[in-house]
Amino acid sequence: MGRAGCCYRGAERLASPPRVPRLRPLLVLLLALCYGAHRGGHCQVATPQCRIQKCTTDFVSLTSHLTPALDGFDVEFCKALRSYSACTQRTAKSCRGNLVFHSAVLGISDLMTQRNCSRDGPTSSTHPEMQSEPCNYHSRTQHAHTHPHTHTHTLPGYLFCGLFGDPHLRTFKDSFQTCKVEGAWPLIDNDYLSVQVTNVPVVTGSSATATNKITVIFKPFEECTDQRVYQAVTDDLPTAFVDGTVSSGAPDHNLNGNTGKVQALWISEHSPGRHVELHARYIGVTVIIRQLGRYLTLAVRIPEEMAHAYDATQDLQLCLNGCPTSERIDRGGHLPLPLPLPHPALGLQLQQPHGQDQSSHTHSHTGPYSTPHGFSMEGARARCREQLEVQDIYFHSCVFDLLTTGDANFTATAFSALKDMESLHPHRERWTIYPPSSAHTSQPITWFLLLTLCALGYGTGIA
């Protein structure tokens with residue numbers, strides 16, 4: 001039969017970390033076995049009787065478009081595993097003694113255990129009749145982008161945007177900016193979704209701001225949802241929309257002849273008063289909102305086609321185009337670090353949780369803020385290193401925020417923003433962003449310019 005087709009195409013994609021990490025032991029073993037057979041001049045799977053290659057190829061086809069971040073991932077993955085298992089059972093007799101076959105059987109069993117898949121249940125069709133669910137973006141787009149003859153999927157692209165700290169913005173294009181943007185500003189404003197944040201001063205007499213209010217508007221969409229508005233403010237991360245509802249959906253007439261309801265939009269609370277997530281299944285959007293200390297953070301994943309569905313009147317979107325030049329604090333991604341904060345006698349009024357131990361990592365959510373606490377450069381870096389091991393842009397943002405505000409809560413803010421980005425950003429290779437080289441900043445003239453910019457732009461009154 002020759003060697004062609006010995007190792008199935010697409011296995012490398014499933015073995016890669018961004019896709020389905022749990023698949024790697026099985027796939028690496030299968031690839032190794034195929035490689036060994038190839039080097040030995042023969043391939044056990046390439047026989048007309050044993051159809052393990054076909055089983056594996058079908059499994060790859062059924063799962064290559066899945067990512068753990070997608071709604072319904074576990075259900076679809078378990079269905080594909082059951083189909084894979086059924087296929088191996090049908091070809092078991094002709095595959096006796098085939099090492100790849102027996103390794104696949106063991107791997108399937110292991111994956112079912114890992115993913116908590118039941119042995120009995122629905123299976124995936126290798127060539128399914130695609131039935132689009134109108135209130136499921138993934139289902140709609142999968143149906144629209146499936147090639148009828150090859151049954152392959154062209155997946156829509158997703159974009160990520162995040163805002164945290166003083167405030168630091170990561171745009172859809174992975175541009176990292178630090179901005180002033182005091183007051184209300186639109187992050188996203190398109191035909192399907194609007195997200196607006198309100199930023200307030202953190203330190204009296206300075207233009208340093210942080211987010212204390214987030215408003216998310218889900219616009220009407222066919223049968224799936226009427227308009228829903230979610231609003232979070234400091235010390236109030238509700239588990240319902242402003243109209244009191246907790247979800248939205250559309251009638252489903254395909255549940256064994258009974259009329260049910262497909263959930264198209266819902267809120268999930270992960271930590272009371274600290275972490276909520278909004279899931280808009282009908283447009284493929286996920287929004288994560290957290291409160292750390294007195295301020296809020298935001299992370300959004302949205303399909304590219306939804307993000308770009310806007311007109312000329314909606315062009316002011318920070319996630320899309322970044323902050324206006326007049327609102328930028330960073331210089332092309334480089335943060336001018338301010339001088340360490342002085343003592344209260346010099347006139348700066350900082351805000352810290354009443355009675356909070358400055359060495360503690362406990363984040364207060366109630367009570368007035370009073371006692372100021374300044375960080376030296378080394379102190380700020382040491383505090384940020386406690387949670388941020390890699391000195392990327394999130395680490396440098398943490399240092400910047402500690403030096404600017406003196407609020408130790410911003411360490412956890414940067415860490416949470418990093419983790420939310422990792423859970424929502426679709427492209428792992430773009431996760432890490434390093435600031436521009438700061439080698440030149442050791443020269444006195446450059447330091448003078450940076451400190452002058454900091455003093456003028458931030459109005460700290462430090463001479």
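In this predicted model, a disulfide (a pair of cysteine sulfur atoms within 2.5 Å) joins Cys161 to Cys319, with an S to S distance of 1.9 Å. The torsion about this S-S bond is about -80°, so the link of Cys161 and Cys319 is left-handed. It connects distant parts of the chain, with Cys161 in strand 1 (residues 158-164) and Cys319 in helix 8 (residues 318-321), 158 residues apart. Helices (H or I, at least four residues) and strands (E, at least two) are DSSP runs, numbered from the N terminus.

Residues are numbered from 1 along each chain as its sequence is written, and side-chain values use heavy atoms, with hydrogens and water left out. Because the model is predicted, local features need pLDDT of at least 70 and side-chain atom pairs count only at pLDDT 80 or more, whereas totals for chains, interfaces and linings use all residues.

The structure holds 7 disulfides. Among them is the link from Cys50 to Cys95, with S to S 1.9 Å. About its S-S bond the torsion is about 105°, so the disulfide of Cys50 and Cys95 is right-handed. Here too, distant parts of the chain are linked: Cys50 sits in the loop between helix 2 (24-39) and helix 3 (52-63), and Cys95 in the loop between helix 4 (73-90) and helix 5 (99-114), 45 residues apart. Cys50 is buried at a relative accessible area of 4%, and Cys95 is buried at 0%.

Another disulfide joins Cys55 to Cys87, again with S to S 1.9 Å. With -80° about the S-S bond, the link of Cys55 and Cys87 is left-handed. Its two ends lie in distant parts of the chain, Cys55 in helix 3 and Cys87 in helix 4, 32 residues apart. Both cysteines of this pair are buried. Helix 3 itself has 12 residues and spans 17 Å from its first C-alpha to its last, close to the 16 Å expected, where the expected span is 1.5 Å times one less than the number of residues.

Attention now turns to the strands. In strand 6 (residues 209-218), 7 of the 10 residues are buried, so the strand is largely enclosed by the rest of the structure. Two strands pair if DSSP finds at least two bridges between them. One of the positions involved is Val200, whose bridge partner in strand 6 is Ala210. Strand 6 also pairs with strand 7 (residues 228-233), in the antiparallel sense, over 6 bridges. In this pairing, Phe218 stands opposite Arg228 of strand 7.

Phe218 also belongs to the largest nonpolar core, which has 48 residues; Leu187, Phe218, Tyr230, Tyr282 and Ile289 touch the most other members. Such a core is a set of buried Ala, Val, Leu, Ile, Met, Phe, Trp, Tyr and Cys residues joined through side-chain atoms within 4.5 Å. Leaving aside residues up to four places away in sequence, the contacts of Phe218 (heavy atoms within 4.5 Å) include Tyr192, Leu193, Arg228, Phe241, Leu265 and Tyr282. A second, separate core of 29 residues includes Ala210, Ala408, Ala414 and Leu418.

Charged pairs complete the picture. The whole structure has 11 salt bridges, a salt bridge being a side-chain nitrogen of Lys or Arg within 4 Å of a carboxyl oxygen of Asp or Glu. In one of them, Asp243 pairs with Arg228, the closest N and O atoms being 3.8 Å apart. Asp243 lies in the loop between strand 7 and strand 8 (247-255) and Arg228 in strand 7, so the pair ties together parts 15 residues apart in sequence. Asp243 is partly exposed at 45% relative accessible area, whereas Arg228 is buried at 11%. Asp74 and Arg115 form another salt bridge, with the closest N and O atoms 2.9 Å apart. This pair links distant parts of the chain, Asp74 in helix 4 and Arg115 in the loop between helix 5 and helix 6 (137-144), 41 residues apart. Asp74 is partly exposed at 42%, and Arg115 is buried at 18%.

Note on methods:
Buried means under 20% relative accessible area, exposed over 50%, partly exposed in between (1.4 Å probe, protein chains only).
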